[in-house]
Amino acid sequence: MIQSQSEVKRVEELRQLLQQASYAYYVLDAPMMEDAVYDQLYRELQELEIKYPEFITPDSPTQRVGEKPATHFTSVRHNIPLYSLENAFNIDELQIWDQRWRRQTPKIEAVEYVSELKIDGSALALTYENGILVRGVTRGDGVVGEDITQNVRTIRSIPLRLNFAGAKSLEKIEVRGEVFLPLEVFKQINAERQKAGEHIFANPRNAAAGTLRQLDPRIVAQRRLDFFAYTLHISGMDDASIANTQWEALELLEKMGFPVNPNHKLCRSLTEVAQYYQSWDTKRLNLPYMTDGVVVKLNPFKLQEQLGFTQKFPRWAVALKYAAEEAPTRVENISVNVGRTGALTPLAQMRPVQLAGTTVSRATLHNSDRILQLDIRIGDTVIVRKAGEIIPEVVRVLTELRPDDTVPFIMPTHCPVCGQPVVRESGEAVTRCVNASCAAILRGEIEHWVSRDALDIKGMGEKLVHQLVDRHLVNSVADLYDLTTERLCALERMGQKSAQKLIDAIAQSKNQPWSRVLYGLGIRHVGSVNAQLLTQKYPTVEELATAKQSDIAGIYGIGAEIAQSVYQWFRIDANHVLIERLKAEGLQLAATEETTTAADVNQNLAGKTFVITGTLPSLSRDEAKALIQKAGGKVTNSVSKKTDYLLVGEDAGSKLEKAQALGITQLSEALLLEMLSN
């Protein structure tokens with residue numbers, strides 16, 4: 001397709017502007033433009049690339065997220081082994097390491113050290129050719145890692161193109177660093193997974209490592225990973241002409257556009273290193289990310305090269321680790337909590353102990369398997385720590401201090417709240433109460449229903465929910481809509497004004513969309529995102545209730561486990577009664593169409609076959625598919641000679657290449673809507 005010089009120039013201008021804006025936002029934490037302006041520029045670039053697909057380059061901001069999941073990761077041999085570091089656990093061991101390398105270089109006396117906080121994440125090696133990111137590889141075993149380039153592109157703090165004047169002259173460079181999950185993001189992810197009835201991550205490090213190995217890059221993008229660069233290797237020119245020390249390398253990495261941990265320090269002696277290490281022993285607990293030690297490196301590159309490596313570690317660096325904070329305490333009781341899904345979770349009630357700056361008095365024991373593994377009993381002395389310095393956990397039991405009268409703890413065979421028998425399904429570690437009338441389950445269901453991401457009923461706190469359930473004023477979420485100010489005023493600390501505000505908030509919740517109502521129902525494994533996917537496919541509750549399990553599982557992003565859970569939920573008579581009550585109360589159990597097009601009545605796409613690729617600006621794939629089908633068109637999954645149009649969105653992949661090879665007409669979302677309206 002013929003393109004004007006002005007459009008070619010504009011594409012390059014837009015890429016540079018968006019790259020600068022991303023660097024300012026994600027690395028410098030100093031936004032240079034409003035979000036709306038960024039979105040407008042992004043949309044303009046996107047439209048130009050759709051119009052001229054030959055403009056699309058790997059470093060374009062539109063290429064952050066891949067179109068489809070990978071089927072596997074390819075093994076890649078590191079050009080330079082990505083070794084782990086030798087550990088030292090105190091200042092004495094640090095001095096032993098220092099004496100050891102000095103014996104190999106007896107003529108060197110004074111030397112500088114670079115001290116950097118050791119980020120508790122996953123190591124990553126990034127390769128750039130002529131300034132463009134071409135590969136991202138995990139550490140693996142240090143010699144061979146996995147190519148996860150698609151996932152690396154989703155990490156906003158990693159530049160797709162180096163922000164450095166001489167970047168194009170650098171034939172090949174490798175940047176190494178640590179991918180990590182910020183603590184606030186980690187908490188949010190775990191909260192969402194818990195609400196959806198999914199297993200929570202034990203700590204940010206495991207969450208980051210697991211995320212990097214997700215086959216679907218869109219899931220990686222949702223997790224909001226971050227990155228700190230800590231070293232680089234340059235090919236094609238003399239390293240010393242740009243950086244001849246670790247300190248200079250860190251400065252160069254910042255110039256290139258990489259985030260570097262701001263808390264690194266140039267130390268003139270081992271005493272300064274020790275002071276740096278000790279100063280962060282408590283301060284690190286207030287950082288927004290996990291750090292488990294200090295990495296100490298000899299500053300001169302020539303000295304690093306001279307010392308080289310052992311079979312496992314570099315001789316010129318060491319990880320000075322902080323001891324995981326642990327404390328002994330006594331188990332005073334073991335209680336069992338019942339959640340909204342009926343899951344029974346054993347909790348160790350302990351004598352309060354200070355741990356990582358907070359007072360800890362209880363820790364989850366997860367399930368009966370974990371209890372058997374620990375052999376934990378009431379009266380035991382245990383060692384407790386914070387997993388990932390966030391979640392209290394029992395590490396081990398000091399059986400040598402066990403009193404003679406202790407007995408093994410056995411999980412209850414009946415629900416501790418309602419007294420009904422509990423079950424443990426085959427293949428599951430969790431024991432559950434399956435009594436739908438259980439007060440604990442009901443309290444959890446209502447707390448979930450009123451939560452921010454569901455019906456968002458402000459003023460309905462945990463204590464109020466407990467009162468409503470305990471006084472039998474509410475026996476299901478539908479009963480909330482029958483409450484009156486008179487009934488509420490009879491509760492503790494509830495006046496006329498507060499009661500009226502709550503009644504108004506409950507009434508307002510009737511306007512929440514169908515997707516939020518579905519999420520609020522608390523169906524196992526159905527989170528807020530999955531609820532949106534389901535309601536896009538099934539715009540009414542009747543359609544979802546009568547859908548086949550296989551059809552639900554066929555929705556991209558849903559899968560067999562969620563489909564089974566949804567299908568079974570709608571097979572329960574009591575749930576149908578609940579749906580009818582909610583419908584009678586005026587809840588939104590069908591999607592509302594804000595706009596209509598002539599496609600509702602016209603069949604002007606009859607006989608035409610479409611394939612959709614990439615992420616569209618405003619329509620989901622299901623929405624676009626529905627519009628095409630309403631207009632008489634057909635949507636298939638693969639490009640062939642029979643395909644009439646390829647609907648192209650952001651991050652289009654192999655389908656676009658095949659369509660170009662076959663000469664198939666490409667459409668933007670805007671052009672599709674124009675076709676539908678004509």
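Predicted model: local features only at pLDDT ≥ 70, side-chain atom pairs only at ≥ 80, totals over all residues.
**View 1. Strand β3 and its two antiparallel partners, β9 and β10****.** Strand β3 comprises residues 113-119 and is mostly covered, with seven of its seven residues buried. Three bridges connect β3 with strand β9, residues 265-267, and the two pair in the antiparallel sense. Within this pairing, Y113 has C267 of β9 as its bridge partner. Strand β10, residues 291-298, also runs antiparallel to β3 and is joined to β3 by seven bridges. In β10, V294 is the residue that stands opposite L117. In a regular strand, side chains alternate between the two faces of the sheet.

**View 2. The annotated cysteines C415, C418 and C438****.** An unreviewed UniProt entry assigns the feature "binding site" to C415, C418 and C438. These residues span 24 positions in sequence, yet no two of their C-alpha atoms are more than 8.6 Å apart, so they gather at one spot. C415 is located in the loop between β16 (391-397) and β17 (422-423), and C418 lies in the loop between β16 and β17 as well. C415 has a relative accessible area of 4% and is therefore buried, the cut-off being under 20%. C418, at 25% relative accessibility, counts as partly exposed. When neighbours within four places in sequence are left aside, C415 is in contact with V338, Q420, V422, C433 and C438. With residues up to four places away likewise not counted, C418 touches C433, N435 and C438.

**View 3. Buried and exposed faces of helix α23****.** Helix α23 is formed by residues 654-662, of which K655, L656 and A659 are buried. These three cover an arc of only 100° around the axis, which puts them on the same side of α23. An α-helix has 3.6 residues a turn, so residues three or four places apart point the same way. The exposed residues E657 and A661 are carried on the face of α23 turned away from its buried side. Among the elements that cover the buried residues of α23 are the strands β19 (609-613), β21 (645-648) and β22 (665-667), together with helix α22 (621-630). G663 follows α23 and has a positive phi, near 75°.

Notes
Residues numbered from 1 in each chain as written. Heavy atoms only, no water. Buried < 20%, exposed > 50% of the residue type's maximum accessible area, 1.4 Å probe, protein only. Helix = DSSP H or I, 4+ residues; strand = E, 2+ residues; numbered from the N terminus. Pairing = 2+ DSSP bridges. UniProt positions renumbered as here; feature names shortened; annotations may be inferred. Contact = heavy atoms within 4.5 Å. Arc of directions from axis to C-beta.
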